[in-house]
Amino acid sequence: MKRIFTIYVMVLMLICTVGLVSAEEVRYGGMVRIAGQWGSLTNNFNPFLASGQNAPGTRSALYETIFFVSPLDGAITPVLGTAYQWEDNNLKLIIETRQGVKWSDGTPFTANDVVFTFNYMKKHPALDLNGIWANDVTKVEALTDHKVQITFAKPNTPLFRYIAHTLIVPEHIWSEIEEPSTFTNANPVVTGPFVKGQFSSQAVIYQRNATYWMEDKPYLDSVAYQAAKSNDTALLLLLRKKIDYSHLFIPDPEKALVAKDPTNNKYWWSVTNTNILYLNTSKELFTDVAFRQALAYAIDKDPLSEKAYYGVIAPAHPTGIIPGQQPQWVNKALSGQFYSYDLEKAKDILSKAGYSWDGSGSLIDPSGNKVPPVRILVGAGWTDFISMAQLISKSVKGIGIEMVIEQEPWSSYINSLMGGTYDTAICWGSGSGSTPYDLYYRTLESTFAGQDDGIAESNYSRYSSPVIDAALAKFRASSDLTVQQEAISTIQQLVVADVPYIPLTNRANFNDYQISRIVGWPDAENPYNGGDPGDELGGRLMLLNIRLK
Amino acid sequence: MRYLLRRLGFLLFTGWAALSINFILPHLMPGDPAQVMIAKFQGRLNPQALKALSDAFGLTADKSLFVKYLEYWQRIFSGDLGFSLTYYPAKVTEVLADAIPWTIGLVGLGTIIAFTLGTLLGIISAWKRNSPLADILVPTALFFNSIPYFWLSLLMLYLLAYQLEWFPLGGGFDVFAIMGIWDKVGSIVYHAILPLTTIVITAMGGWLLTMRNNMMSVLADDYIIFARAKGLSDRRIKYKYAARNAILPSFTGFSMALGFVIGGSLLTEVVFSYPGLGYILYQSVISLDYPLMQAIFLFISLAVLLANFMADFIYAILDPRVKEGGE
Amino acid sequence: MSLNNIKLFIKNKKALFGAVILLLLLLVAIFAPLIAPYSPHQVDFAPSLPPSSTHLLGTTSLGQDIFSQVIWGTRLTLLVGFVTGVITSIIAIMVGLIAGYFGGWIDDLLSMITNVFLVIPGLPLMIILAAYITVKSVVPIIFVISVTGWAWGARVLRSQMITLKSRDFVKAAHVVGEHPLRIILFDIFPNMLGLIVANFFGAALYAVLSEAGLAFLGLGNVNAITWGTILYWAQNNQALLLGQWQWMAVPGMLIAILGTSFALLNFAVDEISNPKLRR
């Protein structure tokens, strides 16, 4: 019941923000221009496909989810769902769907569309990119026209986010489609704030949905997504005010963006993930906890933030938990165990474990052999990671370790990570979400460590611990915040003590925009969409709130 | 006729070999496209999706390389090149059809302008050798020929398009404007000027030098000396006799250069975000889009092969000597 | 190259100019440790400094001295050019001479292979190969450029071989019963030296430009310091937008200058060995 209450509070808050805006006398009309480094666009608006295969805007302007869960702090915004509740010891999830919503062809939206969407993914497993049916869900059914019940074989409360984030399609259209994974859906029928307008492979334009269920929104007449192909072009377009928004990494945004026009040019880089130095614990060197701990103490993270991210993105918390989730999830009682840069401490740990140093300062392992150079894997051409790798190799020289930077092109890089052929690698947290559970589940659960087929889907460190698996299961089975916090606390204690990987810096979504024409963007003061990219799920909230100046 | 048949056989054989290499190369690359897709999402996707994506891409069906090779040939002959993995479920042919006109327009026009300008300047520099103009032309051509494509593109982009705002900041045309047909043509031309200039500047030097050297060789031949002695006008000797003969070897080079220029234009297209093949090829390589990669190679290889054959054909017509003695 | 040719070489302004540039750059490469004030990998300086007396070309965003990088970059850039030039030339000579000399099915086979490599677009092939190889040093880059770059030279050398073969002195040697290898090495080879040297410089130019192109796409080893990788870092840190124009301009200009010196030498050697081009 507590949850239902939260939702109503959320709805109230949403109404409040809307009220605030209208008080300022909102101007309607206008077009927002968004550019991204997409290649050519395809005339494809199939919401089941991975983003990038459908046209940008499919997931933000056209189709809608049930709820939106903020990646920053887990705040829930109702969309096509209005409330939800766990029942029967978290074995049943009841979702109330919105009434009075119409599809863009005039057909009313009902709970049956939601049920159809889920069952459709069951029938066509290739559509189930969130793995809902692969994760304990057994049945989805409509209780009434506006009530859906989802039944679980065993409790899995974190799956809520994936269920909530499923884009809902109209049953009366899609029930006719036999081959959904190759269906391009060139004339999308949607519930979202915009409908498809003009399309070319260089740009797609969406027009306001005249029958949208929010009466006063969207403020804009149209939304245009342009394929800028490269970051460089997108940045130039933004600086010359040919576009209003782009999700792109800018080296030194203060100088390269804001300084060029301080009144108009803005950026909000919201932290939603963590950059991590993964240690391949299946390699002999990294089976030694002392060695891993020493590395954690020997890496100075401040230069990483200052030089690789121009000081805009801060060093990571040792637990890997992002700032927005720290107040709720970091166990302050453990703060004495959180490591920080300390060469003496690192050396101390190593000597106690039997390591020593030769005349030239190189590290000698307990059996008397020189520690071989450690490879550090980065993606070829990723300047932020390469810069970090250079700084890390400099840093660990302090304890006599030689590091060799190894770059692989994107495809073989990810192959090396999953296949476990690397020594150490810089990569983002292979899981991120509204709670630290997502990070820990993906990066530490033994199921994903490649023990079955050698392919570690997401546990790149190949670390497995029964304690962590049990804590993750405990989290999954509960919808009680205190129980979940306990579970996360158990895990973070192991993460800092056993060092399966070393969190390096925060990782952000790069929202860059200019306000010469359009205002109302999400920012740190009003993070209403969690800083999701403008073509992702949270982009919908952005499109609903931005308006002419 | 025997010469042409021989060339045709050669063409077919070369085509077979080139296309087979084209098939093998992408399969030598490490990595798994579904993994690549998963990783692209940086943790927002559930790991179980790996299986779903593999299914969607048809990668789970284990086929031997030989079977895939046979299918590859079947596809080439039927014109069905399969689905692009990056733009799935768009057909490779759709993606290509969209990009090819841009590249042909840009590269074709660039090559023709560079060839014409270079050849003309080459004639001048050979004819007026030892004049100050010719003395400057050759080193200048050598210098332009040595400038990295992408570097020149970047400088032009930042200076002429960004700083001075004379030209657009990239792309093929103004995508937000709603335009009539002539405005659109105008917009396309306006957007093509900078990339075109880069290609012309960097490619022109080669033609200038080739033509100059050919021209010099021809001018030293007996019949030109004879023509001069006979008192024919300079203009007549220059264009009717010398240039006409000197241009023959340039023509065979022309078809060869096509492959190089298409490759070279890749970097220019990337810098100017031009909607052609170059960018798509680059993207397909980094996202392991085998079918798309193969189709682009197929297209470029076939284009160059065909151009070669046509050059041989024209050569045989223009120069009767080849018909007799093989090559 | 006979004494006469060397005289011609010195008298040829283009050759002299090209040689002087190349020599200067070679000296820079050899004495890089003495010329460069800092190590190119040192990351201790304040980032993104403008040019000054302590940092002639400023510093990178990581805090490396750009001038030192450019000086050290000369080494690898030249190395890539020279080594690739040598490898490419060796392949081209072997294929071209054998095909041209023996004719018949050997020629057909080798010409077919040559044509295949001519037809396959070079840069895309390089990108694929570069993506295939895990990049740890410049060696794979050299390999990749050599594999894709030898065909043009082989074709040129082959046709020169065919021309030379019909010359009287070769026919005579043949009649006398000299071993083919001897004929190729001692009768024909010296007559092709000019072309081979010209071809070498052409290949070196191709190599330097290709390396820069691959590096620009991030496919080289961007930790190895070449002019191409310096350009890559400059571009990725928006050097032009941030007013660090020298970071972008200097290495690019140096590539063009080195390329010009290769091209001048290529052109001049061609001119010297072919009397028709000289007058």
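Q: Is the crossing of α10(C) and α12(C) left-handed or right-handed?
A: In this predicted model, the crossing of α10(C) and α12(C) is left-handed, a term used if the near helix is turned anticlockwise from the far one by less than a right angle, with right-handed used if clockwise. Helices here are DSSP runs of H or I of at least four residues, strands are runs of E of at least two, and both are numbered from the N terminus.

Q: At what angle do helix α10 and helix α12 of chain C pack?
A: Helix α10 (residues 180–216) of chain C packs against helix α12 (residues 245–273) of chain C at about 165°, and their axes are 8 Å apart; axes are lines fitted to C-alpha atoms, for helices over the stretch in contact, and angles run from 0 to 180 degrees between N-to-C directions. That angle makes α10(C) roughly antiparallel to α12(C), because over 145 degrees counts as roughly antiparallel, under 35 as roughly parallel, 65 to 115 as roughly perpendicular and the rest as oblique.

Q: Which residues make that contact?
A: Among them are C:Leu195, C:Phe201 and C:Leu205 of α10(C), together with C:Leu258, C:Phe262 and C:Asp270 of α12(C), where contact means that C-beta atoms, placed from the backbone, lie within 7 Å. By class, the contact of α10(C) with α12(C) has 16 nonpolar, 5 polar and 1 charged residues, with Ala, Val, Leu, Ile, Met, Phe, Trp, Tyr, Cys and Pro taken as nonpolar, Asp, Glu, Lys and Arg as charged, and the others, Gly among them, as polar.

Q: How many helices and strands are there in chain C?
A: Chain C has 12 helices and 0 strands, and its C-alpha trace spans about 75 × 45 × 30 Å along the principal axes.

Q: Switching to chain B, how do α7 and α8 pack?
A: Helix α7 (residues 149–163) of chain B and helix α8 (residues 181–219) of chain B meet at an angle of about 140°, with axes 10 Å apart, which makes α7(B) oblique to α8(B). The crossing of α7(B) past α8(B) is right-handed, and its contact residues include B:Leu152 and B:Met156 of α7(B) and B:Ile201 of α8(B).

Q: And what are the domains of chain A?
A: Chain A is divided into domain 1 (1–264 + 515–549) and domain 2 (272–507), with bounds from an automatic or database domain assignment. Their centres, taken over C-alpha atoms, are separated by 33 Å.

Q: How are residues and chains labelled, and which pLDDT is needed?
A: Residues are numbered from 1 along each chain as its sequence is written, while chains are lettered from A and ligands numbered from 1 in the order in which they are written. Local features need pLDDT of at least 70 and side-chain atom pairs count only at 80 or more, whereas totals for chains, interfaces and linings use all residues.

Definitions and conventions. Contact = placed C-beta atoms within 7 Å.
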